[in-house]
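Hello,

Here is the structure I promised to pass on. Have a look at it first, and my notes follow below.

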Amino acid sequence: MFPLRRVRPDKVAKAQLDSLMEAAGDAVFRLNTQGEILYASQRATELITPGSTPIGQTLASLVAPADRAAIRAAVKQAIEPSQSTRVNVRIKTLSTVLWMELQIASYHTVDDVMELLVVGRDISGQQATEERLRHMATHDALTGLPNRSLLSDRIRMAIAQAKRTGKGFSLVALDLDGFKKVNDALGHPVGDSLLRIAAMRLSDSLRDVDTLARVGGDEFVAVLPGAVAEAEIQVVGRRMISAMQLPFEIDGHTLYVGTSIGAAIFPEHGDSEVKLLAHADTAMYRAKETGKARCIIYNHHKFTQPEHDVSMEAAMFQAVRDGEFLLHYQPIVDARTRQIMGFEALMRWQRPGVGLVSPAQFIPMAESNGLINLLGAWALKAACVQIKRFEQIVGRPLYVSVNVSPRQFRNDQFLDIMDEAIQLSGVEGGQLLLEITEGILMSDPEHAEALLNAMTARNVRIAIDDFGTGYSSLAYLKRFPIATLKIDRAFIKDLPGSVKDVAICNVVLSLASHLNLSTVAEGVESEEQFRFLAQHGCGLIQGYLTGRPLLPEDVVEVLKAEPAPAVQ
């Protein structure tokens, strides 16, 4: 704050002081201790009250009502300790509202009367910039809707409000059916335009109190305060579905997409953001599986999930943060030499107080709630890094086999994740074998073919897991670049005593030989099974007979103890 001297009451000094005040800021005032304006600079008058004078009014009367308490507190602070203070307030003008930074200091006149000097600086541009930055941090750049960060805040507010009032709310998750085909066929500019129009239509179908957020790609989430009755949620869902079924006219194209919707209700379906989002997402995927263009409300009884699944699902998210997931490695050996050729990476969950949780429990759950994308990416990278370390111990190439779930396979970022794993670990593409099921191939053959070709272009090999238990269409063996067939344990466990299993295995092994595919037999537990498979041309063996799934440190000991291969 600039220093003040006692003012001489002659005209020259007054003119000099007025000149200084004009130059001091965008708006300068002198006030008495009651906050009334004794003097206003010409610039202040022209800026705030053109055509009239603010003298005689209180400064607080010029300030927006929401800021009046702040200006009164600042005036009081400047008077009592006799020290300068600063406050940002909005000041009303005839045409707009200005943000002003006001510096206030007290002084004494020659008559020893305390007055206040207020120097204001217009910071409207700065405030507008800060507001734009705040908006950018909390809103989606494409649609202008709240983003995931702001959605999380709104959900927490809705939970707090529901706990205070006893009135629940619902969470609605949806994505656009058919959007990917539009985006792939016509490009991202058309896809972006469609998303902007979709966002406007969805917003128009909701109430003013509802929040609609875009959480990524073509995925949206809405918070519906007070909507807990199924009939009420279905009404909202039908409005949203109808809005999406109207044609989209974009760049000369008439486009059609739909939407599938899932809903979860607080507190019936979860008492936290994580649970509600997971269950709404699960319901949305059930809507897709049962015909699309539907709104389904989460119901764990109908979805055939055990009662404890809700708590386990929440525990899974915490387990990721706490590092409770780990990988075991099961050896895959050469059927002729029994030398270890590679390992299958198998995900395990070591849950404190419970022990190892069966993959049959947590893998389907992770697939339904989307956590499989995060877990799968981690497993792929960790397995590639680990196989490189195993290689260094044995001094020869090894390969690692990693399972890929349907949801991972549909993830647009899967190729990037795979490339990162290869680059991070330093493995060659040929040392990575990705296991997929027959169902993945047949659910979207065009997407599968493009993705598999991109993988094999990197020399990554593809295996069909549990061969013979899914669609069992031989057409995909011709169409897709498959490298390996894994014979399911269901056809192995009764060998060699079962005539039917012998026949099936012989057919699979013969087929693989003629198509130049490698074979891996899963679930081999006896010498008789091993000998039969080796004699009939199976190249690789996996099962408890040749090695159980092991932690990395145990694998190291096995590799160190492995005898050198016999000279052929």
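Among contacts in the chain between residues at least 6 apart in sequence, what percentage join residues at least 24 apart? The share is 61%, where contact means heavy atoms within 4.5 Å.

A word on the source: this is a predicted model, in which local features need pLDDT of at least 70, side-chain atom pairs count only at pLDDT 80 or more, and totals for chains, interfaces and linings use all residues. Residues are numbered from 1 along each chain as its sequence is written, and side-chain values use heavy atoms, leaving out hydrogens and water.

Now to the charged side chains. The structure holds 25 salt bridges, a salt bridge being a side-chain nitrogen of Lys or Arg within 4 Å of a carboxyl oxygen of Asp or Glu.

One of them joins Asp 67 and Arg 90, at 2.9 Å from N to O. Asp 67 sits in the loop between helix H3 (59–62) and helix H4 (68–79), and Arg 90 in strand S3 (residues 85–92), 23 residues apart; helices (H or I, at least four residues) and strands (E, at least two) are DSSP runs, numbered from the N terminus. Asp 67 is buried, at 9% relative accessible area, while Arg 90 is partly exposed at 28% (buried is under 20%, exposed over 50%, partly exposed in between, with a 1.4 Å probe and protein chains only).

Asp 334 pairs with Arg 336 at 3.5 Å between the closest N and O atoms. Here Asp 334 is buried at 11%, and Arg 336 is exposed at 69%.

Finally, a network of salt bridges links Glu 344, Glu 435, Lys 486 and Glu 522.

Best wishes
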